[in-house]
Amino acid sequence: MIEFRSVTKTYPDGTHAVDDFSLVVPAHTTTVLVGSSGSGKTTLLRMINRMVEPTSGTIEIDGESIAERDPVRLRRSIGYVLQNGGLLPHHRVVDNVATVLRLEGTPKQQARDRAMEVLDVVGLDRSLATRYPSQLSGGQQQRVGVARALAADPNILLMDEPFGAVDPIVRAELQTETLRLQQELHKTVVFVTHDIDEAFLLGDQVVILETGAQVAQIGSPSEIIENPASEFVASFIGTERGARALRTKETGHGTVLVDATGRTQGRLVGDDDEGTA
Amino acid sequence: MSWVVENLDLIGRLTVEHLRQSALPIVLGLLLSIPAGWFAFRFRLTRGVVLTAVGLLYTIPSLALFALLPPLLGISFLSEVNLIVALTIYAVAIMTRFVADALSSVEPSVRQAADAVGYGTWRRFWQVDLPLAGPVVLAGLRVTAVSTISLCTVGILIGIDNLGYLFTNGYQRQIIPEILAGVVAVVVIALLVDWLLVLAGRALMPWTRKGA
C-alpha cells in the first residue's frame, strides 16, 4: 500500500505543482492518475521513488515513510516504466532487462538467466536479447522497458505514460498485455496517463486530477462514469461525447445503442442474452 | 630518395621515439580532461569561464611553455618531462571542451531513466554518462592525437630526439629529402594512430555501428 499524506510540491519560482494531495493506493491493484498536462500527475508518480522530493507532507509505503529510505536503494526496489521505454542505448536488450539485478549485485550470468525468463513473461522472443534498443520497434522497446521493471520482482510498479509514444494498434496490444500481466502478477501499479480511455481500461481505481494535482474525483471507472462528481469530470471523461453518451433506438432486430452523432455503437442485450451475445 | 633508403634505421628509431613521446600526453590529456570537462558540464555558471580559460592554454607558444615549465616543475630545461608536460597541457586544452560537449550530448531522458532504475551518481557517470559521451570524446581524441603527434616535433628545439630531428638536421645540412621524410613519417603515424582510434572506438562502442 502506498499512501500520500498532505503532499505539496512548490517549485522555487512559486508554482504549486502539487497542493495538499492525499491518496491511498491499495496493494495489488492498479491506480491510474489521469489529467491533462500541468495536473502534476507525473510529479506525483516521481515522488513515490524520490525522483522528486515533496516540499511538505509524507509518502509511506506499507506504513513506512520513504523519506527515511536511501533514494537509490528505494528506486531499485520499485519497478519503473518510462515513456519511450527509457532504455540504455549502449546496453543490449538482455543487459537492459538485467540492469536492476546487476545494480543489486546479482552475478552477471544469473542476472542474464533471469532477464531471459522475464523476456518470456512480457512476450518477447529470446532472439531479441542480443540486440541494441535502436534495433527494436517502439512496441518492442516498451516491452523491454516493462521487462526491466519486472526483473527484480518488485512489489510496486510505476508506469509513466508508458504507451504515449506508440501507434494506436501497438498501444492497444500493450494495454491488453498489461492487463494480462497484472492478472498474473498482482503488483501494486501506479499508472500515469492523459488518456481517459486508457485510465478506464487499466485502472481498478482512477484518480482524475485538475491543475495542481487537485483531486477532481477518485473511484472505479464505473463509479466515475455513472456519477461524475463535477462538470469538470463530466467534460473530461466525455460523458456528452462518443461511446459514453448513448441512447437507445428500437429497430426491427431489437434495441441498439446510438451515439450523439447518430452512429450505432452496439446492441442492447438483456441479462438473459449475456454469454450468447 | 637515396638518403631515405640509407637512413631507414634512423627514421625507424626516431618514429618509435616520436610515438612514445606522443602517446603519454594523449593518454594524460584524455584522463585529465574528463574531470575538467565534467566540471565545466556540471556547473553551468562557470562553464564559459572554465572552457575559455582552458582553451586559452592552447594559445601559449610552445617555446614560451618550454621556458616556463622547468622553474615551475623544478626540472631541467632539456628534460623530456618538459616536452611531455607541455604537450599534455595542449591536449587538455583541446579535450576539455570536447568532454564537456560530449557529456551535454547525452540525452537527459536517458540520464533520468538511469536515475529512475537506481543508478547512484558515481556509477551512473562511469556506466552511463561517459560511455554514451564516447563518440564525441573519441572525435576530440582524434583531433588531440593528430595535433599532439604533429606538435611533438618541436621537442627537437630543446634537444629531445624525435622526428623533429629530421627537420632541423635536414635544414642545417640542406638535405631536402630528409625534411620530406620527416613530414611523411609524421603524417603516416598520425593517420595510423587516427585509424587505430577509430577501430578502438568501434570495438568499445558497438552500439554506435551503423545498422547495428
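Helices and strands are taken here as DSSP runs, a helix having at least four residues and a strand at least two, numbered from the N terminus. On this basis, A:Asp62 is placed in the loop between β4 and β5 of chain A. The model described is a predicted one.

Strand β4 of chain A covers residues 56-61 and is joined to β5(A) by two bridges, the two strands running antiparallel. Within this pairing, A:Ser65 of β5(A) is the bridge partner of A:Glu60. Helix α1 of chain A, residues 41-48, packs on the sheet and touches β1 (2-10), β2 and β4 of chain A. The direction of this helix makes about 60° with that of β2(A). The sheet itself is open and consists of four strands of chain A in the order β2-β1-β4-β5, with antiparallel pairing. Because β2 (16-25) and β5 (64-65) of chain A each have a single partner strand, they stand at the edges, and one side of each is left without a neighbour in the sheet.

Most residues other than glycine have a negative phi. A:Asp62, although not a glycine, has a positive phi of about 50°. This residue counts as exposed, because 11 C-beta neighbours lie inside 10 Å and the limit for an exposed residue is 12 or fewer. A positive phi, of about 65°, is also found at A:Asn84, which is not a glycine either. A:Asn84 belongs to the loop between β6 (78-81) and α3 of chain A. With 19 C-beta neighbours inside 10 Å, A:Asn84 counts as partly exposed.

Six of the six residues of β8(A) are buried, and the strand is described as mostly covered. In a regular strand the side chains alternate between the two faces of the sheet. In β8(A) both faces are covered: A:Thr188, A:Val190 and A:Val192 are buried on one side, and A:Val189, A:Phe191 and A:Thr193 are buried on the other. Strand β3 of chain A, residues 30-34, pairs with β8(A) in the parallel sense over five bridges. In β8(A), A:Thr193 is the residue opposite A:Val34. Strand β7 of chain A, residues 156-160, likewise forms a parallel pairing with β8(A) over five bridges. Here A:Leu157 stands opposite A:Val189 of β8(A).

Helix packing in chain A is illustrated by α3 (residues 93-103) and α5 (residues 138-151). Two packed helices are described by the angle between their axes and the distance between the axes. For α3 and α5 of chain A, the angle is about 30° and the axes are 7 Å apart. The angle therefore makes α3(A) roughly parallel to α5(A), the limit for this description being under 35 degrees. The crossing of α3(A) and α5(A) is right-handed. On the side of α3(A), the contact is made by A:Val93, A:Asn96, A:Val97, A:Ala98, A:Thr99, A:Val100 and A:Leu101. On the side of α5(A), A:Val144, A:Ala147, A:Arg148 and A:Ala151 take part.

Chain B contains nine helices and zero strands. The C-alpha atoms of chain B fill a box of roughly 65 × 45 × 20 Å along the principal axes. Of the 212 residues in chain B, 37% are buried. Among contacts in this chain between residues at least 6 apart in sequence, 72% join residues at least 24 apart.

Helix α9 of chain B, residues 176-204, has 29 residues and, at 1.5 Å a residue, should span 42 Å; the end C-alpha atoms are 42 Å apart, which agrees. The buried residues of α9(B) are B:Glu178, B:Ala181, B:Gly182, B:Ala185, B:Val186, B:Ile189 and B:Val193. These buried residues pack against α1 (2-6), α2 (8-42), α7 (121-151) and α8 (164-172) of chain B.

Helix α5 of chain B, residues 80-104, includes B:Val85. With 20 other C-beta atoms within 10 Å, B:Val85 is buried. Its neighbours within four places in sequence being left aside, B:Val85 is in contact with B:Leu69 and B:Leu73. B:Val85 and B:Val4 are separated by 81 residues in sequence and, C-alpha to C-alpha, by 32 Å in space.

Conventions: Residues are numbered from 1 along each chain as its sequence is written. Chains are lettered from A and ligands numbered from 1 in the order in which they are written. This is a predicted model: local features need pLDDT of at least 70, side-chain atom pairs count only at pLDDT 80 or more; totals for chains, interfaces and linings use all residues. The expected span of a helix is 1.5 Å times one less than its number of residues. Two residues are in contact if their C-beta atoms, placed from the backbone, lie within 7 Å. Two strands pair if DSSP finds at least two bridges between them. Axes are lines fitted to C-alpha atoms, for helices over the stretch in contact, and angles run from 0 to 180 degrees between N-to-C directions. Angles under 35 degrees count as roughly parallel, over 145 as roughly antiparallel, 65 to 115 as roughly perpendicular and the rest as oblique. A crossing is left-handed if the near helix is turned anticlockwise from the far one by less than a right angle, and right-handed if clockwise.
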